[in-house]
Amino acid sequence: QIDSDGGIDYMFKIVLMGDSGVGKSQLLHRFVKNEFNLKSKSTIGVEFLTKTVVMDHKVVKAQIWDTAGQERYQAITTAYYRGAIGALVAYDITRRESFDHVEKWLEELKIHADKNIAIMLVGNKSDLSSTREVPTEVAEEFARQQDLFFTETSALDSTNVESAFHGLLCQVYENVI
Ligand code: GDP
Ligand code: MG
């Protein structure tokens with residue numbers, strides 16, 4: 001049951017952050033379209049995708065911004081962060097370096113984004129557990145220290161993708177109401 005009659009009650013701008021290659025674009029496509037692009041080079045210049053969800057009887061439109069590879073050159077513009085009230089910061093569980101860089105991405109958020117921004121830390125590629133370099137407990141502990149929400153996902157097999165975005169959107173919702 002929805003309170004509003006067809007309209008959008010809330011619009012949330014969410015930004016994706018994290019090193020190049022961790023799976024940000026695939027996570028977004030999995031969440032919004034339930035697709036995994038096997039042969040995409042995924043530098044398709046899409047700025048954002050939207051998905052409408054119902055939360056607490058309200059219609060929430062999530063506008064989720066993806067980078068077009070600028071993260072490789074630390075060239076994310078301030079426009080990217082402007083108005084964002086949620087961030088999904090991703091690393092690749094098989095690349096320790098991408099986890100070590102999470103702090104750098106959090107620092108970027110601290111500098112450029114709203115100070116009340118909700119942040120979800122996501123360890124992606126959980127399907128590749130045989131080549132894991134970041135133990136779950138290490139990331140959990142880091143998330144606890146930084147006061148972040150945390151989950152591990154696989155854009156490839158869909159594990160936890162829906163719940164990661166949902167958890168983030170719920171947190172954003174809590175912050176705005
Ligand atoms: P981005 O640079 O962070 O946007 O990363 P992409 O979404 O372009 O993904 C980078 C590479 O990782 C691509 O080859 C994807 O197919 C692959 N990839 C993304 N997510 C997953 C995943 O959950 N599991 C596996 N095995 N590969 C993934
Ligand atoms: Mg990408």
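Guide: The sheet is open and has 6 strands, in the order 2-3-1-4-5-6, with mixed pairing. Two strands pair if DSSP finds at least two bridges between them. Strand 2 and strand 6 (149-152) are the edges; each has a single partner strand, so one side of each lacks a neighbour in the sheet. On average, neighbouring strands are turned by 25° against each other, direction ignored. Axes here are lines fitted to C-alpha atoms, for helices over the stretch in contact, and angles run from 0 to 180 degrees between N-to-C directions.

This is a predicted model: local features need pLDDT of at least 70, side-chain atom pairs count only at pLDDT 80 or more, and totals for chains, interfaces and linings use all residues. Residues are numbered from 1 along each chain as its sequence is written, while chains are lettered from A and ligands numbered from 1 in the order in which they are written. Helices (H or I, at least four residues) and strands (E, at least two) are DSSP runs, numbered from the N terminus.

Start with the pairing. Strand 2 and strand 3 run antiparallel, joined by 8 bridges. Lys 51 has Ala 62 in strand 3 as its bridge partner. Strand 4 and strand 5 run parallel, with 7 bridges between them. There, Gly 86 stands opposite Ala 118 in strand 5. Strand 5 also pairs with strand 6, in the parallel sense, over 4 bridges. Gly 123 faces Glu 152 of strand 6 across that pairing.

Now look at strand 5 itself. In a regular strand the side chains alternate between the two faces of the sheet. Strand 5 is mostly covered, with 7 of its 7 residues buried. Buried means 20 or more other C-beta atoms within 10 Å of the residue's own; exposed means 12 or fewer, partly exposed is in between, and C-beta atoms are placed from the backbone. Ala 118, Met 120, Val 122 and Asn 124 are buried on one side, and Ile 119, Leu 121 and Gly 123 on the other.

Next, the helices. Helix 5 (residues 136-146) lies across strand 5 and strand 6, at about 165° to strand 6. Helix 6 packs on the sheet and touches strand 1, strand 2, strand 3, strand 4, strand 5 and strand 6; its direction makes about 170° with that of strand 5. Contact means that two C-beta atoms, placed from the backbone, lie within 7 Å.

Helix 1 is largely enclosed by the rest of the structure, because 8 of its 10 residues (24-33) are buried. Those buried are Lys 24, Ser 25, Gln 26, Leu 27, Leu 28, His 29, Arg 30 and Phe 31. Their cover includes strand 1 (10-17), strand 3 (58-65), strand 4 (86-92) and helix 6 (161-176). Just past helix 1, Asn 34 has a positive phi of about 55°.

Helix 1 also gives the largest share of the shell around ligand 1, 3 residues. In total 15 residues surround ligand 1, the closest being Gly 23, Lys 24, Ser 25, Gln 26 and Leu 156. A residue is near a molecule if its C-beta atom, placed from the backbone, lies within 6 Å of it.

Finally, the whole protein. There are 6 helices and 6 strands. Along the sequence the pattern is β-α-β-β-α-β-α-α-β-α-β-α. Of the 177 residues, 38% count as buried.
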